[in-house]
Each structure stands twice: as structure tokens, then as C-alpha cells.
Amino acid sequence: MEIKQVREIIDLSVGELTRPPGLPGFMRGMLNLRQQMVSVIDLRSLYQMAPLEDSGLAKILVVERGDECYGLMVDAVENIMTIEDSHRFGAPKMMRNASAQGDPRSEMDEVIDIGEGDARRTLSVFQCDRLLERLAREIPALAA
């Protein structure tokens, strides 16, 4: 995910989350973050992945869309890095799989190539705007 999409990164503190009735299963709950309510979306649940065994490293990426704030619950934040444009590429069509809405690849259309030799890695870039737009269409209460 591009850091410009993230307002802040906070530790997951389940005790601080409130779960009002009627939330979809992928919504972990609501977080009062400095007098602003943040809807926390559990990406593992949204994409039908097994729950994280140890949520001790889990983080919430707080993103803004219009006047609304959303928290994207992720397993961990490994690193924040600057990537040169020459290391960014369009993802191959087979990798994008844009037709599958329950697949995280539907929110990824770009890859980055980092490192060299044995440390070389290719990572997908997650487009949180695309995810939030899709959720706003599917769940009118999330529309900004």
C-alpha cells in the first residue's frame, strides 16, 4: 500500500473496539480515535482467510476517504520504504484477477520489484481506494 494513502498506523487493541449490532462479519468494530469514529475492516475476514493465530503484531492502517476514516486491520507492518518509479510495474493479467471480489488480487494492479540477488522480492501494491469504493457500493452505510 502506498504510504500517502495512510494517515497513521496504530497497534490493534481489541479492548478499544466496539462492535455495534448489525455490522457485516468483516467489520471488526468501531474505534474512537481522538474523538473520531473509525470503522475497522478485518482484511483477513473480508477475503475469507483464516484468522490470525497471534494478533499481537496486528496493526490498523488508518486511511481517510472524504470525511470518513477507516481502519484496515493487517497482520503486521514489516517496513516503510521509498520505491523508485523504475521498480514499479503493472501486474500481469493472471495476477490481477479483477473479477473475483472475494480475492485480494482484485485490489492490486501494480507490483514493485525490490532487492537484489537472493534478497530480491516482488510485492503487490494494494489499492485501498478501490477496496473502499467497492465496499461503499456493496454496503450503502459505508458510502462517504
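**How confident is the prediction?**
- Strand β1 (residues 8-11) comes out highest, at a mean of 91, while helix α2 (residues 93-96) is lowest, at 68.

**The largest pocket**
- A total of 33 residues line the largest pocket, and those nearest its centre are Met1, Leu61, Asn79, Ser124 and Phe126.
- Sorted by class, the lining has 23 nonpolar, 7 charged and 3 polar residues.
- At least two lining residues come from each of α1 (43-46), β6 (68-74), β8 (108-114) and β9 (121-126).
- Strand β9 gives the most, with 5 residues.

**A look at Glu110**
- You'll find Glu110 in strand β8, one of the elements that supply at least two residues to the pocket lining.
- Is Glu110 buried or exposed? Glu110 counts as buried because its relative accessible area is 18%, and the cut-off for buried is under 20%.
- The side chains of Glu110 and Arg88 are joined by a polar contact of 2.6 Å.
- Leaving aside residues up to four places away in sequence, Glu110 touches Glu2, Arg88, Phe89, Gly90, Ala91, Leu123, Ser124, Val125 and Gln127.
- Ser124, one of the residues Glu110 touches, is also among those nearest the centre of the largest pocket.

Technical notes. Residues numbered from 1 in each chain as written. Predicted model: local features only at pLDDT ≥ 70, side-chain atom pairs only at ≥ 80, totals over all residues. Heavy atoms only, no water. 1 Å grid on protein atoms, 1.4 Å probe; cavity = no way out; pocket = protein on both sides within 12 Å on 5 of 7 lines; lining within 4 Å. Helix = DSSP H or I, 4+ residues; strand = E, 2+ residues; numbered from the N terminus. Nonpolar A, V, L, I, M, F, W, Y, C, P; charged D, E, K, R; others polar. pLDDT = per-residue confidence, 0-100. Buried < 20%, exposed > 50% of the residue type's maximum accessible area, 1.4 Å probe, protein only. Polar contact = N/O pair within 3.5 Å; in protein donor to acceptor, adjacent residues only side chain to side chain. Contact = heavy atoms within 4.5 Å.
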